[in-house]
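Dear colleague,

I am passing a structure on to you, and I would be grateful if you could look through it before reading my notes.

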Amino acid sequence: MMKCPNCQSKDLGKIGVNQYYCWNCFIELSIGKETIHTHQVEEDGSLSSLDDLFDEQLRKLS
Ligand SMILES: [Zn+2]
């Protein structure tokens, strides 16, 4: 089961192919080959990457 790398919540909603939304901390997650990519949805609807905030180890798919 996938967890949010930010808050460790499992309360993730599927919003597309390989894309999830964390209902706990409101970030978007997309599933890459081996890692989870994290994005924040800005007020204008654009996405900014949060990957820098998380150790790659945390984003690894187990
Ligand atoms: Zn979260």
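Read from the N terminus, the elements of the chain follow the pattern β-β-β-β-β-α, that is, 5 strands and 1 helix. Helices (H or I, at least four residues) and strands (E, at least two) are DSSP runs here, numbered from the N terminus. Please keep in mind that this is a predicted model, in which local features need pLDDT of at least 70 and side-chain atom pairs count only at pLDDT 80 or more, while totals for chains, interfaces and linings use all residues. Residues are numbered from 1 along each chain, as its sequence is written.

As to overall dimensions, the C-alpha trace spans about 35 × 20 × 20 Å along its principal axes. The radius of gyration of the chain is 11 Å, which agrees with the value near 11 Å that a compact globule of 62 residues would have; this radius is taken over C-alpha atoms, and the globule rule is 2.2 Å times the number of residues to the power 0.38. Of the 62 residues, 10% count as buried, where buried means that 20 or more other C-beta atoms lie within 10 Å of the residue's own, exposed means 12 or fewer, and partly exposed lies in between, with C-beta atoms placed from the backbone. Among the contacts with a separation of 6 or more, 17% are between residues 24 or more positions apart; a contact requires that the C-beta atoms of two residues, placed from the backbone, lie within 7 Å.

The sheet

The 5 strands form an open sheet in the order β1-β2-β3-β4-β5, with antiparallel pairing. Its edge strands are β1 and β5 (47-49), each of which pairs on one side only. On average, neighbouring strands of this sheet are turned by 35° against each other, direction ignored; the axes behind this angle are lines fitted to C-alpha atoms, for helices over the stretch in contact, and angles run from 0 to 180 degrees between N-to-C directions. Two strands are said to pair if DSSP finds at least two bridges between them.

Strand β1 is joined to β2 (residues 19-22) by 4 bridges in an antiparallel arrangement, and Gly-13 stands opposite Tyr-21 in β2. The hairpin of these two strands has 2 residues between them, and Asn-18 takes a positive phi near 60° there.

Strand β2 continues the sheet by pairing with β3 in the antiparallel sense over 3 bridges, with Tyr-20 opposite Leu-29 in β3. In the hairpin of β2 and β3, 5 residues lie between the strands. Phe-26, in the loop between β2 and β3, has a phi near 60°, a positive value in a residue other than glycine. Phe-26 counts as exposed because 11 other C-beta atoms lie within 10 Å.

Next, β3 (residues 28-31) and β4 (residues 36-41) pair in the antiparallel sense over 4 bridges, and a hairpin joins β3 to β4 through 4 residues. Several residue pairs can be followed across these two strands: Ile-31 has Ile-36 as its bridge partner in β4, Ser-30 stands opposite His-37, and Leu-29 has Thr-38 as its bridge partner.

The hairpin of β4 and β5 has 5 residues between the strands, and Gly-45 takes a positive phi near 90° in it.

Outside the sheet

Two further residues deserve a look. Gln-8, found in the segment before β1, has a positive phi of about 65° although it is not a glycine. For comparison, most residues other than glycine have a negative phi. Gln-8 counts as exposed because it has 11 C-beta neighbours inside 10 Å.

Glu-56 belongs to helix α1 (residues 56-59) and is exposed, with 11 other C-beta atoms within 10 Å. Glu-56 and Pro-5 are 51 residues apart in sequence, while their C-alpha atoms are 9.8 Å apart in space.

With kind regards
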